[in-house]
Amino acid sequence: MTVWDGMVKVRGGEVWARDTGGDGPPLVLLHPGIGHSAIWDELVPPLAERFRVIRYDMRGYGRSPRATAPYALVDDLEAVLDHFGVRRASLVGCSMGGGTAMTLALAAPERVASMVLLCPSVPGYPWPEEPELEAEYDALKRSGAPDVRLTFALRVWAAAGADERVFALMRSSVATWEAGEFEQEDETVFERLGQVEVPSVLLVGDLDRAALVAANQEAARRIPGCELTLLPGVDHYLPLRAPELVVEAVIRHCLGRPSGSD
């Protein structure tokens, strides 16, 4: 098995990617907006025993340079698939990556064999007002505390605790958010989830943001045949909090799905 890593050309830029190689069915890991592709480090070895695992850093995250022109996450995903000669793959998408997976499943279902959605964002979901959180953030800003965005983001998304790995992933992500003016919003998928034809499962933690849990429950209800699992004691860093359960879900759900490379 030969591992490849390097820069992949995308429209108006490039992203860093790694391909484990191998003869297994292609599996693409799509990271959340609160981290980069290192969030998958613990999961890749067991998955690579059965799959050809491809992961990449979205623009501005990890080893990928920041965007200098408008781009869409789903277009970059297709560019990565094309670079590696993959016609069809199973997708594991966490948060932002989950939104991109659903976007591709609706735009080009022939390219998606199956989806494992981990606390996914749901583009187009009518997010409720959260005045208490807004007031908390405003108070934190007025306090003059350092790293306000980082402190607040950890409070909201890392309810299970911020160890060294979580802190490093969040810190790097906050810097990317502040320079994300070129990222185009994913297409609205919420109202179209009933049209998803791709076999799907969805996992979300009970310590995740309440509005996000509600969005995920409704998304799973709308996606035909989608299996929903609520994980106790797990927050938005699901791949770090429950790696064994994620690996188990991926192997159970994705093996045997038709996929392939050119």
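This is a predicted model: local features need pLDDT of at least 70, side-chain atom pairs count only at pLDDT 80 or more; totals for chains, interfaces and linings use all residues.
Helix 4 and helix 5 cross with a right-handed sense. Two packed helices are described by the angle between their axes and the distance between the axes.

**Helix 4 with helix 5**

- The axes of helix 4 (residues 131-142) and helix 5 come within 10 Å, crossing at roughly 150°.
- Angles over 145 degrees count as roughly antiparallel, and helix 4 and helix 5 are therefore roughly antiparallel to each other.
- Helix 4 contributes Leu 133, Glu 136, Tyr 137, Leu 140 and Lys 141 to the contact, while helix 5 contributes Val 148, Arg 149, Thr 151, Phe 152, Arg 155 and Val 156.
- By class, six residues in this contact of helix 4 with helix 5 are nonpolar, one is polar and four are charged.

**Helix 5 with helix 6**

- Helix 5 (residues 148-157) and helix 6 (residues 164-177) have axes that come within 10 Å and cross at roughly 120°.
- That angle makes helix 5 oblique to helix 6.
- The crossing of helix 5 and helix 6 is right-handed.
- On the helix 5 side, Arg 149, Leu 150, Ala 153, Leu 154 and Trp 157 take part; they meet Val 166, Phe 167, Met 170, Arg 171, Val 174 and Trp 177 of helix 6.
- The contact of helix 5 with helix 6 has nine nonpolar and two charged residues, and no polar ones.
- Arg 149 of helix 5 is listed in the contact with helix 4 and also in the contact with helix 6.

**Helix 9 and its surroundings**

- Helix 9 (residues 243-254) has 12 residues and reaches 16 Å from its first C-alpha to its last, close to the 16 Å expected at 1.5 Å a residue.
- Its buried residues are Pro 243, Val 246, Val 247, Ala 249, Val 250, Ile 251, His 253 and Cys 254.

- Ser 95 is not a glycine, yet has a positive phi of about 55°.
- Ser 95 lies in the loop between strand 5 and helix 3 (96-107), and at 11% relative accessibility it counts as buried.
- Cys 119, also a residue other than glycine, has a positive phi near 35°.
- Cys 119 lies in the loop between strand 6 and helix 4 and is buried, with a relative accessible area of 0%.

Terms used
Residues are numbered from 1 along each chain as its sequence is written. Side-chain values use heavy atoms; hydrogens and water are left out. Axes are lines fitted to C-alpha atoms, for helices over the stretch in contact, and angles run from 0 to 180 degrees between N-to-C directions. Helices (H or I, at least four residues) and strands (E, at least two) are DSSP runs, numbered from the N terminus. Angles under 35 degrees count as roughly parallel, over 145 as roughly antiparallel, 65 to 115 as roughly perpendicular and the rest as oblique. A crossing is left-handed if the near helix is turned anticlockwise from the far one by less than a right angle, and right-handed if clockwise. Contact means heavy atoms within 4.5 Å. Ala, Val, Leu, Ile, Met, Phe, Trp, Tyr, Cys and Pro count as nonpolar, Asp, Glu, Lys and Arg as charged, and the others, Gly among them, as polar. The expected span of a helix is 1.5 Å times one less than its number of residues. Buried means under 20% relative accessible area, exposed over 50%, partly exposed in between (1.4 Å probe, protein chains only).
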